[in-house]
Amino acid sequence: MSFLEEFQANLDSLPVILHKKYALLRDLDKSLQDIQRQNEQRCEQEIEDIRRGVRSGNITPDTSVIRFSDEALDEQKHSIRVADEKVALAVQAYDLVDTHIQQLDQYLKKFDEELRRERENAAITGVPASAPDGNTKSGRGNETGTGRGGRKKTRQSTLVTTAATEAQTTANPTSMDLDLPVDPNEPTYCFCNQVSFGAMVACDNPNCKIEWFHFGCVGLKEQPKGKWYCSNCATTKNRRRGK
């Protein structure tokens, strides 16, 4: 079994595990809310009883001896224990997703090394290099549709990248920023100088300095028909025609 196949097999069980943990988190949260609501009502009632006792003279207004009942204090301690359980479950869910992301980073690093070796061998032998999986470009992307000079026309995120992204999103249902590490070696593309994601299109100018562009950054919603040039290359091409 290859590293990617092993990663996908492990990833298949992740949603089920996370679902169980989130279900338990919801149950704990409901229990915590019930305890807090009950404790607030009890404390409010005890405070009102103390006030009445002070006004009637039955209770000395000495803050050193006035305190909540043992039942109220026990409820507060129980609330803290339930909240700690929620935090522990959230940490476990985060660690699960983080482990899979680290595995994905290992695969991508291994893939880049294999691709680099194949290009080096191709440069020595003069034989064009092909990606290890037959249709994947260096970086976290998958391309479909051949354009000029054998270059791919559009680019979609790979299964492993999509899976890791979905896992990260699932592990973060409340939209918290988890501050996950970003691979500093990840190649960047497009006018926005960001990593590859979603659908991308390649400029048909073989000398284009940027080469790959996100659909949204160049105003595309679907694969362009025929040849497509980025705004820089299109301007240069039109300028040459005008001479």
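1. Partly exposed describes a residue whose relative accessible area lies between the buried class, under 20%, and the exposed class, over 50%. D70, at 48% relative accessibility, therefore counts as partly exposed. The model discussed here is predicted.

2. D70 pairs with R67 in a salt bridge whose closest N and O atoms are 3.4 Å apart. R67, with a relative accessible area of 52%, is exposed. The two partners thus fall on either side of the cut-off at 50%, D70 at 48% and R67 at 52%.

3. Over the whole structure, the search finds eight salt bridges.

4. Another pair is R37 with D34, where the closest N and O atoms of the salt bridge are 3.0 Å apart. Both residues belong to helix 1 and are three residues apart, about one turn of the helix. R37 is partly exposed, with a relative accessible area of 43%, and D34 is also partly exposed, at 33%.

5. A salt bridge between R42 and E75 has its closest N and O atoms 2.9 Å apart. Because R42 lies in helix 1 and E75 in helix 2, this pair ties together parts that are 33 residues apart in sequence. R42 is partly exposed at 28% relative accessibility, whereas E75 is buried, with a relative accessible area of 11%.

6. On nonpolar packing, the largest core has 19 residues, and L18, Y22, V82, L104 and Y107 are those with the most contacts inside it. Two or more residues come from each of helix 1 (3-56) and helix 2 (70-125). The most is given by helix 2, with 10 residues. Apart from this core lies another, of 15 residues, including Y189, C190, V201 and A202.

7. D204 deserves a separate entry. The residue is found in the loop between strand 5 (200-202) and strand 6 (212-214). Is D204 buried or exposed? D204 counts as buried because its relative accessibility is 4%, and the cut-off for that class is under 20%. A polar atom of the D204 side chain lies 2.7 Å from the backbone nitrogen of W228.

Technical notes:
Residues are numbered from 1 along each chain as its sequence is written. This is a predicted model: local features need pLDDT of at least 70, side-chain atom pairs count only at pLDDT 80 or more; totals for chains, interfaces and linings use all residues. Side-chain values use heavy atoms; hydrogens and water are left out. A nonpolar core is a set of buried Ala, Val, Leu, Ile, Met, Phe, Trp, Tyr and Cys residues joined through side-chain atoms within 4.5 Å. Buried means under 20% relative accessible area, exposed over 50%, partly exposed in between (1.4 Å probe, protein chains only). Helices (H or I, at least four residues) and strands (E, at least two) are DSSP runs, numbered from the N terminus. A polar contact is a pair of N or O atoms within 3.5 Å; within protein, one must be able to donate a hydrogen and the other to accept it, and residues adjacent in sequence count only if both atoms are side-chain atoms. A salt bridge is a side-chain nitrogen of Lys or Arg within 4 Å of a carboxyl oxygen of Asp or Glu.
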